[in-house]
Every structure is written in C-alpha cells, then in structure tokens.
Amino acid sequence: MNHLATRPPVQGEEDRRTVVILTAARLFRENGYERTTVRELAEAVGLRSGSLFHHFKSKEEILVAVMANGIQSVIDEGRQLVQQHADPAGRLEGLFRLHMHSIISGVGGDAMHAMIYDWRSLSREAREPIEQLSKAYEQLWHEAIDLAVASGLLQGDAAIIRKHLLGGMNATVRWYRPDGRLGAEAFIDQMLQAALPAMGSWHQKR
C-alpha cells in the first residue's frame with residue numbers, strides 16, 4: 001500500500017508532528033508497536049528515518065504521544081459534555097457514547113489499543129504522564145457516577161460501577177468489528193442498554 005499517496009498535507013512543525021502521531025497510531029494498531037520499524041513509519045509520512053527524531057527523541061516517545069493524544073482528545077470532549085449536561089442521566093449517557101465513539105472511530109481507539117497491547121513496551125518513567133492523563137479522564141467518570149448514585153439513577157458501589165463500565169467498554173477494542181453484524185450506532189445502543197439498563201427507564205420518562 002502506498003501510504004505517501006494518501007497522507008494528509010503538512011503545514012508547519014505541529015502539523016508534521018500530528019501526522020506522525022496519527023500515522024504511528026494506525027501502524028501500531030495494524031502491525032503492533034514492536035513490529036513497526038522506524039523506517040516504516042518514516043516512509044509512511046514521507047520522511048527519512050533520521051528526520052523522525054527531529055520531532056521525537058525515540059520510538060518510545062512516539063508511543064507515548066499516541067496514547068496521550070487519544071486520552072487528551074476524550075478528556076477535552078468529555079469536559080465540554082459535562083458542562084452541557086447537568087442532569088446525571090444525560091451526563092452519564094453522553095460520556096458513555098463519547099467513550100464508545102472514540103474507541104470505534106476516533107483516536108481514542110488507537111490509544112486504547114496501544115495501552116492494552118503495548119503498555120509493557122513503555123519504561124516506568126514513560127508511563128507516568130499517561131497514568132496522570134488516565135486519572136484526569138477517570139475523574140470525569142468518578143464525578144458522573146457519584147452524581148448518578150446520589151440521584152438514585154444507579155445503585156451500588158460507585159468505584160465498582162466505574163471499573164465495570166470502563167473495563168467493559170475498553171475490552172471492545174479486542175473484539176468489535178465495525179463491518180460486522182451491527183454498525184457503530186446500533187452497537188453503542190446495545191452496549192448502553194446492557195451496561196446501563198436504568199437508562200431505558202430514564203428515556204421512557206423524558
């Protein structure tokens with residue numbers, strides 16, 4: 001496949017860096033981080049191998065950037081969503097759909113795939129910024145679920161509910177295929193119904 005023919009145009013340093021991150025995310029997901037060479041990545045973005053290190057210090061730093069880019073994108077969208085939904089049900093459903101859409105068709109899916117399959121490739125030091133971003137994102141869920149439990153929308157231990165929801169959604173990166181029996185929207189609807197059946201009653205009351 002000729003990646004050079006389809007890569008997006010590049011304007012400026014930040015644009016080039018972004019293209020490298022997005023291309024690396026795709027290659028790591030398709031081939032695996034360890035099996036993707038610096039040369040392959042450089043060719044895919046139209047650079048010499050050595051030129052990649054003008055933008056990143058190492059291949060590991062590229063992997064960190066892939067993870068960070070995906071998590072930061074859902075943090076930014078999640079914070080906007082929280083501001084738009086004061087009610088616990090709307091906030092929780094919004095976060096659920098955002099998370100699933102990101103995994104299925106956004107940069108969050110590439111980031112989650114990398115975190116599941118390539119986490120062991122990171123040094124302890126390299127993991128720290130990703131862990132901090134993950135905590136910031138989980139805080140959005142922590143607050144949304146606490147609100148849902150306090151309002152009576154959900155019942156149970158908030159921490160267990162949060163881990164159950166995030167774990168179930170994140171696991172879909174292993175098995176869901178957009179070209180399968182259910183398209184993205186239908187699949188997300190089914191996931192929401194299975195994971196949060198209380199949402200059905202909320203929709204009926206609206």
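Read along the sequence, the protein chain of this predicted model follows the pattern α-α-α-α-α-α-α-α-α-α, with 10 helices and 0 strands. The chain comprises 206 residues, of which 43% are buried. Among the contacts between residues at least 6 apart in sequence, 71% join residues that are at least 24 apart.

The C-alpha atom of R16 is separated by 8.3 Å from that of H55, a residue 39 places away along the chain. T23, also found in α1, counts as buried at a relative accessibility of 7%. When residues up to four places away in sequence are not counted, T23 touches L41, A44 and V45, and the C-alpha atoms of T23 and V66, which are 43 residues apart along the chain, are separated by 9.3 Å.

Helix α6 (107-117) is mostly covered, with 8 of its 11 residues buried. The buried residues of α6 are G108, G109, D110, A111, M112, H113, A114 and M115. One of these, M115, is touched by S134, which also touches I71, again leaving aside residues up to four places away in sequence. S134 itself lies in helix α7 and is buried, with a relative accessible area of 16%.

The largest pocket has a volume of about 320 Å³ and is lined by 17 residues, of which H99, M112, Y137, E138 and N170 lie nearest its centre. Two or more lining residues are given by each of the helices α4 (59-84), α5 (88-105), α6 (107-117), α7 (124-151) and α8 (158-175). By residue class, the lining of the largest pocket divides into 8 nonpolar, 7 polar and 2 charged residues. M112, listed among the residues nearest the centre of this pocket, is also one of the buried residues of α6.

The second largest pocket contains about 160 Å³ of space, and its lining consists of R29, I103, I104, H113, Y117, T172, V173, R174, Y176, R177 and P178. The elements that give two or more residues to this lining are α5, α6 and α8, and the largest share, 3 residues, comes from α8. The lining of the second largest pocket divides into 6 nonpolar, 2 polar and 3 charged residues. Two of its lining residues, Y117 and R174, are also related through a charge placed over a ring, in that R174 lies over the face of Y117 at 5.3 Å from the ring centre. H113, a further lining residue of this pocket, belongs to the buried part of α6.

Aromatic side chains were examined next. The structure holds 3 aromatic pairs. In one of them, the rings of F28 and Y33 have their centres 5.1 Å apart and their planes at 85°, so the pair is edge-to-face. Both F28 and Y33 are buried. The ring of Y33 also has a charged group over it, as the charged end of K59 sits 4.4 Å from the centre of that ring.

Another aromatic pair, formed by Y176 and F187, is stacked, with a distance of 3.9 Å from centre to centre and an angle of 15° between the planes. Because Y176 lies in the loop between α8 and α9 (184-195) whereas F187 is in helix α9, this pair ties together parts that are 11 residues apart in sequence. Both partners are shielded in terms of accessible area: Y176 counts as buried at 9% relative accessibility, and F187 is buried with a relative accessible area of 6%. Ring pairs link W175, Y176 and F187 into a cluster.

Methods: Residues numbered from 1 in each chain as written. Predicted model: local features only at pLDDT ≥ 70, side-chain atom pairs only at ≥ 80, totals over all residues. Heavy atoms only, no water. 1 Å grid on protein atoms, 1.4 Å probe; cavity = no way out; pocket = protein on both sides within 12 Å on 5 of 7 lines; lining within 4 Å. Points joined across faces, edges and corners; volume = space filled by probe spheres on them. Helix = DSSP H or I, 4+ residues; strand = E, 2+ residues; numbered from the N terminus. Nonpolar A, V, L, I, M, F, W, Y, C, P; charged D, E, K, R; others polar. Phe/Tyr/Trp six-rings, centres within 6.5 Å; stacked < 30°, edge-to-face > 60°. Buried < 20%, exposed > 50% of the residue type's maximum accessible area, 1.4 Å probe, protein only. Lys NZ or Arg CZ within 6 Å of the ring centre and 35° of its normal. Contact = heavy atoms within 4.5 Å.
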